[in-house]
Amino acid sequence: MSKTYEASRPVESDNPEAVASAVREATRALSEDLQQDGIEVSFQDLALLGHSESWDDEGQRWVHVAWDGADAG
């Protein structure tokens, strides 16, 4: 069974650039987490996996990126 790695970042506004910036930050954090565990995945490969969005109980918008070891290759 492979481990799933995830990273999330808040979105500061509804501006498309703010969303893109939050996705980049989350993707960088995910990449760093993977590297700490000895997993080399390029930023571009992680970006191709896309992202999801959610809102918490306080109305804060979040972006989420995830990588499953099964995505390798």
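Predicted model: local features only at pLDDT ≥ 70, side-chain atom pairs only at ≥ 80, totals over all residues.

Reader: How many aromatic pairs does the count come to?

Author: One aromatic pair. Tyr-5 and Trp-67 form it, with 6.1 Å centre to centre and 50 degrees between the planes. That pair is tilted.

Reader: Which parts of the chain does the pair link?

Author: Distant ones. Tyr-5 sits in strand β1 (residues 4-10), and Trp-67 in strand β3 (residues 61-68). The two are 62 residues apart.

Reader: Is Trp-67 buried or exposed?

Author: Buried means under 20% relative accessible area. Trp-67 is at 6%, so Trp-67 counts as buried.

Reader: How many residues does the largest nonpolar core have?

Author: It has 16 residues. Trp-67 is among those with the most contacts inside it, as are Ala-7, Leu-30 and Leu-46. β1, α1 and β3 each give two or more residues to this core. α1 gives the most, with eight residues.

Reader: What does Leu-30 touch, not counting residues up to four places away in sequence?

Author: Both members of the aromatic pair, Tyr-5 and Trp-67. Leu-30 also touches Glu-6, Ala-7, Leu-46, Val-65 and Ala-66.

Reader: Where is Ser-31 found?

Author: In helix α1 (residues 16-36). With a relative accessible area of 11%, Ser-31 is buried. Leaving aside neighbours within four places in sequence, Ser-31 is in contact with Val-41 and Leu-46. Leu-46 is touched by Leu-30 too.

Key:
Residues numbered from 1 in each chain as written. Heavy atoms only, no water. Phe/Tyr/Trp six-rings, centres within 6.5 Å; stacked < 30°, edge-to-face > 60°. Helix = DSSP H or I, 4+ residues; strand = E, 2+ residues; numbered from the N terminus. Buried < 20%, exposed > 50% of the residue type's maximum accessible area, 1.4 Å probe, protein only. Contact = heavy atoms within 4.5 Å. Core = buried A, V, L, I, M, F, W, Y, C linked by side-chain atoms within 4.5 Å.
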